[in-house]
Amino acid sequence: MPLKVVLGKTYNNIAEELFVSKTTVRTHIRNIYQKLHVNSKAEAIQLANEKKMI
């Protein structure tokens, strides 16, 4: 799922592709932000790039 966010997909697009609700996508993304200790998509992408996660 994080890669889809990096590619600019919206939560609605991700939910449709994965056959889950938008709320489920939002919850997973929020959990990822908490684990990475970031507060935004931009911060998450920057950290992932720095750590060679993507």
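Let me start with one residue. Setting aside residues up to four places away in sequence, L47 touches L36 and V38. Contact here means heavy atoms within 4.5 Å.

A word on the model before I go on. It is a predicted one: local features need pLDDT of at least 70, side-chain atom pairs count only at pLDDT 80 or more, and totals for chains, interfaces and linings use all residues. Residues are numbered from 1 along each chain as its sequence is written, and side-chain values use heavy atoms, with hydrogens and water left out.

Back to L47. It sits in helix α4, residues 41–50. Helices are DSSP runs of H or I, at least four residues, and strands are runs of E, at least two; both are numbered from the N terminus. Is L47 buried or exposed? L47 counts as buried because its relative accessibility is 19%. The cut-offs are these: buried is under 20% relative accessible area, exposed is over 50%, and partly exposed is in between, with a 1.4 Å probe and protein chains only. L47 and H37 are 10 residues apart along the chain, and their C-alpha atoms are separated by 9.6 Å.

Now A48, also in helix α4. A48 has a relative accessible area of 8%, so A48 is buried. Leaving aside neighbours within four places in sequence, A48 is in contact with M53 and I54. From A48 to L36 is 12 residues in sequence and 8.8 Å in space, C-alpha to C-alpha.

Which residues of α4 are buried? They are A44, L47 and A48. They lie on the same side of α4, because they cover an arc of only 100 degrees around the axis. That arc is taken from the directions from the helix axis to the C-beta atoms. An α-helix has 3.6 residues a turn, so residues three or four places apart point the same way. The buried residues of α4 pack against α3. On the face turned away from the buried side, you find the exposed residues A42 and E50.

Next, the largest nonpolar core. It has 9 residues in all: V5, I14, A15, V25, I29, Y33, V38, A44 and L47. Two or more residues each come from α2, α3 and α4. The biggest share is from α3, with 3 residues. A nonpolar core is a set of buried Ala, Val, Leu, Ile, Met, Phe, Trp, Tyr and Cys residues joined through side-chain atoms within 4.5 Å.

How do α2 and α3 pack? Their angle is about 110 degrees, and their axes are 8 Å apart. That makes α2 roughly perpendicular to α3, a class that runs from 65 to 115 degrees; under 35 is roughly parallel, over 145 roughly antiparallel, and the rest oblique. Axes are lines fitted to C-alpha atoms, for helices over the stretch in contact, and angles run from 0 to 180 degrees between N-to-C directions. On the α2 side, the contact is made by Y11, N12, I14 and A15; on the α3 side, by K22, V25, R26, I29 and Y33.

**Two positive phi values**

Last, the backbone. F19 lies in the loop between α2 (11–18) and α3 (22–36). Its phi is near 60 degrees, positive in a residue other than glycine. F19 is exposed, with a relative accessible area of 77%. Just after α4, K52 also takes a positive phi, about 60 degrees. K52 counts as exposed because its relative accessibility is 69%.
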